[in-house]
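This report describes one protein chain in plain terms. Look at the sequence and the structure first, then read on.

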Amino acid sequence: MSIDIETARKVAHLARIKVEDDRLPELAENFNAILGFIEQLNEVDVDGIEPMTSVTPMRLKRREDVVTDGSMQDKILSNAPDAREGFFAVPKVVE
């Protein structure tokens, strides 16, 4: 895949980046270099390799998935501008 100047112009427009016309060939070259690197990565054989969460082997911490009420209702509602009967009170938005 190759990026031409018009495609580089369109990408810059979609990204809301102002690129002067004389800089478009350089931008297209940079895009092509990035795509070339991605094509190189696609050539790497990764069959049988486990996905990693980090460059060092580690396991993510796990916790029991238990539903609770949080035991902090008063502390949480103390931040609310208006709380009534144990709930956040908000203005009506749908009639």
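Which side chain does Arg84 meet in a salt bridge? The partner is Asp82, and the N to O distance is 2.8 Å. A salt bridge is defined here as a side-chain nitrogen of Lys or Arg within 4 Å of a carboxyl oxygen of Asp or Glu. Side chains of opposite charge can pair when their charged atoms come close.

The model is predicted: local features need pLDDT of at least 70, side-chain atom pairs count only at pLDDT 80 or more, and totals for chains, interfaces and linings use all residues. Residues are numbered from 1 along each chain as its sequence is written, and side-chain values use heavy atoms, with hydrogens and water left out.

## Overall form

The protein has three helices and two strands, and their order along the sequence is α-α-α-β-β. Helices (H or I, at least four residues) and strands (E, at least two) are DSSP runs, numbered from the N terminus.

The radius of gyration of the protein is 26 Å, while a compact globule of 95 residues would have a value near 12 Å. This radius is taken over C-alpha atoms, and the globule rule is 2.2 Å times the number of residues to the power 0.38. The C-alpha trace spans about 65 × 45 × 25 Å along its principal axes.

Of the 95 residues, 8% count as buried. Buried means under 20% relative accessible area, exposed means over 50%, and partly exposed lies in between (1.4 Å probe, protein chains only). The accessible surface comes to about 9,500 Å², and carbon and sulfur atoms account for 56% of it. Accessible areas come from the Shrake-Rupley method with a 1.4 Å probe; for residues, only the protein chains shown count as cover.

Contact means heavy atoms within 4.5 Å. Among contacts between residues at least 6 apart in sequence, 27% join residues at least 24 apart.

## The nonpolar core

Which residues make up the largest nonpolar core? There are six: Ile3, Ala8, Ala12, Leu24, Leu27 and Ala28. Helix 1 (5-14) and helix 2 (24-42) each supply at least two residues of this core, and the largest share, three residues, comes from helix 2. A nonpolar core is a set of buried Ala, Val, Leu, Ile, Met, Phe, Trp, Tyr and Cys residues joined through side-chain atoms within 4.5 Å.

Ala12, one of the core residues, is in contact with Ile17, Val19 and Leu27 when its neighbours within four places in sequence are left aside.

## Salt bridges

The structure holds five salt bridges. Three of them are listed here.

| Residue pair | N to O distance |
|---|---|
| Arg9 and Asp21 | 2.8 Å |
| Lys18 and Glu20 | 3.9 Å |
| Arg84 and Asp82 | 2.8 Å |

Salt bridges that share partners join Glu6, Arg9 and Asp21 into one network. In the pair of Arg9 and Asp21, distant parts of the chain are linked: Arg9 is in helix 1 and Asp21 is in the loop between helix 1 and helix 2, 12 residues apart. Arg9 is partly exposed because its relative accessibility is 33%, whereas Asp21 is exposed at 55%.

Lys18 has 73% relative accessibility and so counts as exposed; Glu20, with 43%, counts as partly exposed. Arg84 is exposed at 54%, and Asp82 is partly exposed at 28%.

## Loops and surface

Arg16 has a phi near 60°, a positive value in a residue other than glycine. Arg16 sits in the loop between helix 1 and helix 2 and is exposed, with 66% relative accessibility. Glu85 also has a positive phi as a residue other than glycine, near 55°. Glu85 is in the loop between strand 1 (83-84) and strand 2 (87-88), and its relative accessible area of 77% makes it exposed.

Ala83 belongs to strand 1 and is partly exposed at 38%. Not counting residues up to four places away in sequence, Ala83 touches Leu77 and Ala89.

Phe37 lies in helix 2 and is partly exposed because its relative accessible area is 48%.
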